[in-house]
Amino acid sequence: MTLALTQLTLSHFRSHKLSTISCDTRPVAIFGPNGAGKTNILEAVSLFSPGRGIRRASAQDMTRRPEALGWKLSGILDTDTGQHEVETWSDKGAARQIKLDEKSIPQTRLGELCRVIWLIPAMDRLWIEGAEGRRRFLDRTALSFYPAHAEAALTYEKAMRERNKLLKEQIRDAHWYKALEDHMAKAATLIHTHRTQTLQHLQNAYAKTSTAFPIAELELQQTEGDIPKNEEDFKDAFAESRSRDIIAGRTLVGPHRTDLYGAYAAKGVPASDCSTGEQKALLISLILANARALGEHSGTRPILLLDEVAAHLDANRRAALYDELTKLKAQAWMTGTEDHLFDALGDRAQYFTVTEENGISDIKPS
């Protein structure tokens with residue numbers, strides 16, 4: 001199924017007072033100097049999916065200064081079922097709201113309609129920093145396949161916060177914990193199932209397609225013992241860990257304690273030990289595999305956001321990336337500081353220049 005954002009209007013969003021992009025389903029190449037507002041455009045596109053976007057910012061942080069009036073994004077989504085008008089906005093820092101074809105909808109509904117995945121420079125250290133970032137990456141990938149993953153994660157986090165409160169208060173009565181742990185176990189099972197199935201989708205995508213980028217070998221790991229796999233296992237794990245958890249004052253077992261292990265499959269080298277260039281190539285490989293797997297799973301290619309992706313690739317790797325994006329037939333929004341970074345795309349893409357003057361960004365077709 002075709003999925004593309006063919007019109008985007010940003011109103012009082014970050015550095016954009018009023019900007020509009022009209023495009024087709026081809027890749028979108030955006031270039032301009034640092035600080036011009038290129039990444040702000042990608043952030044706007046990322047808000048056509050559930051969550052807080054590529055920067056994980058609050059609605060208040062996204063509003064243009066100094067006016068601080070709130071912001072609004074409008075877009076036309078082209079799908080095989082027709083065009084849909086999407087609006088999302090925040091009034092003076094309030095929680096963002098969404099309308100689809102003039103009807104209010106929850107974020108989960110937006111996730112069913114539009115899948116957006118991204119690669120941004122902040123993710124370059126994914127393999128060498130803490131496990132939290134890798135879990136977030138995996139959960140975002142799982143969300144692209146399973147929109148219900150977000151609700152399971154929220155349910156788990158809420159119940160765990162309440163359990164942690166009991167632990168800090170040194171409550172030892174098992175009856176106080178059981179109901180919370182039942183909720184946690186049910187949500188944890190969904191989270192674990194979505195994560196493991198997501199890894200399987202990625203591996204299947206690798207098996208079915210040749211790629212110029214290194215194949216990543218992925219595995220869920222846990223510091224201690226085996227990862228529980230079903231609801232009863234999670235219930236037992238929470239109950240058995242209570243005494244340790246009371247001492248620690250927090251929950252020490254569960255899906256919030258797992259880690260994503262990655263390796264350069266052809267070399268058998270952990271991703272954390274790879275060179276910077278290899279780590280970047282592995283990330284690009286995973287994003288491409290995610291896009292291919294989504295096409296197989298849901299019949300819809302996602303919209304890809306690739307911020308400054310070409311800056312650290314040599315000419316051959318850039319050409320290979322553009323060839324794979326073209327074969328995917330997915331709309332990719334890419335940024336770069338120089339137009340020559342996109343030379344290998346030729347007429348397979350559409351181009352826009354972003355400039356900034358007196359704190360206001362301007363977008364023009366190039």
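For the classes used here, Ala, Val, Leu, Ile, Met, Phe, Trp, Tyr, Cys and Pro count as nonpolar, Asp, Glu, Lys and Arg as charged, and the others, Gly among them, as polar. The model is a predicted one, so to speak for the record: local features need pLDDT of at least 70, side-chain atom pairs count only at pLDDT 80 or more, and totals for chains, interfaces and linings use all residues. Residues are numbered from 1 along each chain as its sequence is written, and side-chain values use heavy atoms, with hydrogens and water left out.

Pockets come first. A pocket is an open set of points on a 1 Å grid over the protein atoms alone, with protein on both sides within 12 Å along at least five of seven lines; a cavity is a set where a 1.4 Å probe fits but cannot get out, and lining residues have an atom within 4 Å of a point. The largest pocket has a volume of about 1,500 Å³, volume being the space filled by probe spheres set on the points, which are joined across faces, edges and corners. Of its 43 lining residues, Arg56, Arg135, Arg136, Asp139 and Arg140 sit closest to the centre. By class, that lining splits into 18 nonpolar, ten polar and 15 charged residues.

The second largest pocket comes in at about 360 Å³. Gln222, Glu224, Asp226, Arg244 and Val253 are the closest to its centre, out of 16 lining residues. Seven of the lining residues are charged, five nonpolar and four polar. Helix α7 supplies the largest share, four residues; helices (H or I, at least four residues) and strands (E, at least two) are DSSP runs, numbered from the N terminus.

Helix α7 itself spans residues 231–240, with Phe234, Ala237 and Phe238 buried, i.e. under 20% relative accessible area with a 1.4 Å probe, protein chains only. These three cover an arc of only 95° around the axis, which puts them on the same side of α7; the arc is that of the directions from the helix axis to the C-beta atoms.

As for cavities, the whole structure holds two of 30 Å³ or more. The largest has a volume of about 70 Å³, and α4 (residues 131–145) gives the most to its lining, three residues.

Notes. Buried means under 20% relative accessible area, exposed over 50%, partly exposed in between (1.4 Å probe, protein chains only).
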